[in-house]
Every structure is written in C-alpha cells, then in structure tokens.
Amino acid sequence: MNRVALVTGLSGQDGSYLAEFLLERDYDVHGLVPYGRRELCDPRCQLHYGDLTDASRIAAVFNDVSPDEVYNLGAQSHVRVSFDLPVHTADVTGVGALRVLEAMRQHRDASGRSPRFYQASSSEMFGNAVSPQDESTPFHPLSPYACAKVFAYWQTVNYRDAYELFASNGILFNHESPRRGEHFVTRKITRAAARIKLGLQDRLALGNLEARRDWGFAGDYVEAMWLMLQHDEADDFVIATGQTHSVRDFLEEVFGHLDLDYNDFVEIDPQFFRPIEVDALRGNSEKARRILGWEPRVSFSELARLMTEHDLEEARAEAQGLTSETPN
Ligand code: F7E
C-alpha cells in the first residue's frame with residue numbers, strides 16, 4: 001500500500017517541489033490549501049480546502065486522509081508583510097503549527113501510532129546571531145514572522161518531548177527557485193532583470209542591498225525534509241549551503257548574466273526596508289550532512305542562472321502577448 005503524505009502549503013514553492021518528490025516515490029499526496037489557491041498544485045495530488053486557522057477543518061482532513069507523514073509548510077511567510085500583519089502571521093504561522101500538532105496528537109490510531117511530523121522552521125529565528133548558525137545557536141527573532149516560527153519550533157519540540165510524537169524541525173535557510181513568489185527578493189530581481197532585458201520594464205525598486213543570505217535551491221531542500229522523516233529518530237536539523245551572499249551580489253550575478261549593469265536600473269525605495277533587519281545569515285548544516293547524508297547540489301551562480309533563464313522565457317512569452325502583463 002502506498003504511503004500517505006499530507007502537506008500544508010501544497011500550493012507554495014516548497015509544497016510543489018515536495019509533492020513532485022513524494023509522487024516520484026509512490027506516495028499518495030494530499031494537500032491542505034486555502035480555497036482558490038491551486039496554481040502550483042500537481043494534478044496528481046488530492047486537494048482539501050482549508051487553512052491553518054481552522055482547527056476543526058484540520059481535524060476533519062486528518063480523519064479523511066489518515067496520513068503517515070505530515071509536512072507543515074503552510075505559513076504567512078513574508079517577513080516584511082509580517083510587520084503589517086503581526087496578529088495574522090502569529091495565528092497562521094505560529095498557532096497554525098500548534099493546531100496541526102494537536103490534530104496529530106488526537107489522531108493516534110488504535111495501536112497508538114500517529115503520523116510523523118515535519119515543521120518548516122526558519123533561519124529567520126536566529127536574527128543577528130553570530131555566523132555560522134547551527135542547531136545550538138540561540139534564537140533571537142527580529143520580526144513577527146520569526147517570533148511565530150520560534151513559537152512553532154518550540155511547540156514541535158514540546159510535542160515530541162511530552163507526547164513522544166515523531167516531530168522534527170527543519171531549520172531551513174533561504175531557498176529559492178523559478179517558483180518563488182514574486183515578492184521575495186531573488187525572484188523580484190530575476191523577473192525584473194528579464195523584463196528589463198526585453199524592454200518590458202525600465203526600473204527596479206529595492207530596499208537594503210547589503211543584507212546577506214545563505215541562498216540554496218528549493219528543489220534540494222525538500223529532499224532534506226523527507227530525509228528527516230525517514231530517520232530513525234525525530235530531531236532538529238539546519239539546512240543550508242554554508243555560503244553567504246549579499247542582495248547586491250545576486251543583482252550582479254543576474255544582470256551580469258544578461259550583459260546588463262544593475263546600476264543603470266536599480267533605485268532604492270524606503271518602502272522595502274524593514275523596521276529591523278536580519279543583516280547576515282550563513283548556516284552550518286554539518287549535522288544534516290553527517291546524519292542524513294544530505295547535501296545541496298545547486299550553487300549560488302547556477303541558482304541565479306536557472307531563475308533568470310526561466311524568467312527570460314516568461315518575459316519572451318509576455319512580449320509576444322501570450323501572457324498577461326499583470327503579475328499574479
Ligand atoms: O528578503 C532584502 C530584505 O524577502 C531577503 C522567507 O522565505 O527566507 C525568506 O525571508 C533580503 C532581506 O527573504 C528587497 O531586506 C532588499 O534582507 O527574499 P526576502 P527573507 O526575509 O530572508 C526565510 C528563511 C524565511 O523563512 C522566509 O519565509 O532581501 N531586500 N530589497 C528585499 N526583500 C524583498 N522581499 N523585497 C525587496 O525589494
């Protein structure tokens with residue numbers, strides 16, 4: 001019989017890559033998705049409308065699906081937006097994880113077995129802690145989003161300790177792809193650069209260009225999620241490349257690939273600054289490499305190139321009138 005996975009946030013970047021990864025391994029994949037959000041959902045998945053604010057709906061989906069593995073990827077995941085929507089972010093991103101854990105605790109079958117649980121924890125939890133950050137680095141969250149993720153992290157640990165549930169945290173550093181939402185900085189840059197190259201746009205407004213991030217490829221990172229749930233015991237793992245680059249480095253890489261100079265097009269707009277910034281992140285994923293055998297495959301330059309090439313194709317289609325000019 002096929003194993004059954006339930007993925008919250010199936011319609012997001014990570015959900016879509018994870019679904020493909022699981023389908024290739026013959027899982028039956030079910031997704032909890034907000035009504036009307038099915039853009040990135042693989043048609044082979046079974047969708048259940050619902051969201052992380054609705055505990056009764058989550059319980060009903062658990063009863064319908066009886067999952068073997070649960071991946072909690074759903075969240076309000078934009079750090080800048082979390083300053084405008086702090087209560088909503090706490091509800092979805094923080095308490096949402098607790099609602100899933102609670103459904104899981106109550107869903108033990110007759111033999112006392114419950115599903116394995118993966119929590120999408122985030123490098124944002126570290127704030128401005130000294131680099132490189134690893135599993136022993138203390139958290140100091142600097143946004144409502146990061147505070148919500150710290151809450152969810154500790155709830156996951158608490159359910160593991162208190163109820164002996166198999167519950168693991170993946171502390172993932174930034175991970176990007178052509179499926180990344182257009183309001184995150186890498187995709188905003190690749191999309192704009194491609195449109196500038198084809199004369200569809202002439203300016204790109206950004207915030208802090210000096211922030212440094214450890215950027216990997218989302219397709220590599222979903223494998224780590226799965227490996228965590230195949231391991232013989234639940235644990236917490238940092239997933240990162242170990243390399244750090246600034247937003248300016250990413251601009252140079254992308255515009256350089258298109259034979260353009262970003263200085264001719266980029267303008268700084270204060271609306272894209274955050275009330276407080278995480279200046280520099282660089283992860284040490286030695287534990288995951290040693291225990292799970294995981295390692296990233298796509299380098300920073302390759303990531304920038306593959307995202308740029310994808311967005312160039314999209315811009316060409318747009319220039320030919322095949323797609324709408326309005327970003328979704
Ligand atoms: O910003 C700077 C911005 O929004 C990266 C989420 O997936 O990764 C992500 O969080 C950096 C920041 O990602 C713009 O100030 C400059 O320093 O792409 P981002 P993030 O905030 O690092 C972590 C691991 C998560 O868990 C989150 O869910 O880029 N930046 N100018 C800008 N950022 C944006 N969005 N837009 C700008 O115009």
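Reply: **The ligand and the domain interface**

A polar side-chain atom of Glu 277 is placed 2.6 Å from a ligand oxygen, while a side-chain N or O atom lies 2.7 Å from an oxygen of the ligand in Lys 188 and 2.8 Å from one in Arg 213.

The protein is divided into domain 1 (4-177 + 215-239) and domain 2 (185-212 + 244-277 + 299-325), with bounds taken from an automatic or database domain assignment. Eleven residues of domain 1 and 17 residues of domain 2 make the contact, meaning heavy atoms within 4.5 Å. About 1100 Å² is buried between domain 1 and domain 2, 71% of it from carbon and sulfur atoms; this is the accessible area (1.4 Å probe) lost on putting the two parts together, summed over both. Across this interface there are zero salt bridges, defined as a side-chain nitrogen of Lys or Arg within 4 Å of a carboxyl oxygen of Asp or Glu. On the side of domain 1 that touches domain 2, α3 (79-84) and β10 (216-217) are the elements giving two or more residues, and α3 gives the most, with three; helices (H or I, at least four residues) and strands (E, at least two) are DSSP runs numbered from the N terminus.

Residues are numbered from 1 along each chain as its sequence is written, and side-chain values use heavy atoms, without hydrogens or water. As the model is predicted, local features need pLDDT of at least 70 and side-chain atom pairs count only at pLDDT 80 or more, whereas totals for chains, interfaces and linings use all residues.

Technical notes. A polar contact is a pair of N or O atoms within 3.5 Å; within protein, one must be able to donate a hydrogen and the other to accept it, and residues adjacent in sequence count only if both atoms are side-chain atoms.
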